[in-house]
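Student: I've got a model open and I'd like to learn how to read its features. Could you walk me through it?

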Amino acid sequence: MASSSGTTTSSGGSDLQGEMDQRKRRRMISNRESARRSRMRKQKHMDDLMTQLSQLRKENNQVAELSHRLHSLNEIIAVMKQPIDAGSGFAEEQYVGSDTEFGDEFINNSLSFLYACQPILASADMIMY
């Protein structure tokens, strides 16, 4: 028994109200599940970004270490390219003008060349009177 306004009677109204409540509950559950899936996607994205950040930091540290090693090797090469008398306090003539086999071998030996440029360190306790 419908009224003139298009609504149903009280017995039909309770059925309509129950159906509206059921739709409202289903929509609420659906929204909760959608929000849960959205949070899960966001968490997975954050986890992926943190993994990527960790990997990039690791690679950056490796590059920095390689750069430091290269710099150290370049310093060693620069020291090896220095002439023997640079900073050693000895004139080159002392080695070249000696005409001894030792002097020629000393000049040609790259390891001796490297050691000739290194300072000799001693403490006062090492000197005996």
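Tutor: Let's start with a pair: R69 and E65 form a salt bridge, with their closest N and O atoms 2.7 Å apart. By definition, that is a side-chain nitrogen of Lys or Arg within 4 Å of a carboxyl oxygen of Asp or Glu. This is a predicted model, where local features need pLDDT of at least 70, side-chain atom pairs count only at pLDDT 80 or more, and totals for chains, interfaces and linings use all residues. Residues are numbered from 1 along each chain as its sequence is written, and side-chain values use heavy atoms, with hydrogens and water left out.

Student: Where do R69 and E65 sit relative to each other in the helix?

Tutor: The general idea is that side chains of opposite charge can pair when their charged atoms come close. Here, R69 and E65 are four residues apart in helix α1, so about one helical turn separates them. Helices are DSSP runs (H or I, at least four residues), numbered from the N terminus.

Student: How many salt bridges are there by this rule?

Tutor: The count is three. E19 and R23 meet at 2.9 Å, N to O, and K44 and D48 meet at 3.1 Å, N to O. E19 and R23 are four residues apart in α1, about one helical turn, and K44 and D48 also lie four residues apart in α1, about one helical turn.

Student: Which residues form a nonpolar patch on the surface?

Tutor: A patch is made of residues with over 30% relative accessible area and no salt bridge; like charges are joined within 9 Å, nonpolar side chains (Val, Leu, Ile, Met, Phe, Trp, Tyr) within 5 Å. In this model L73, I76 and M80 form one, with about 260 Å² of accessible area together, computed by the Shrake-Rupley method with a 1.4 Å probe. L73 is found in helix α1, residues 10–81.

Student: Where is confidence lowest, and where is it highest?

Tutor: Check pLDDT, the predictor's confidence in each residue, from 0 to 100. Helix α2 (residues 93–96) is lowest, at a mean of 49, and α1 is highest, at 93. The protein chain averages 76, and 55% of the residues score at least 70. Where pLDDT is low, the predicted coordinates should not be read in detail.

Definitions and conventions:
Helices (H or I, at least four residues) and strands (E, at least two) are DSSP runs, numbered from the N terminus.
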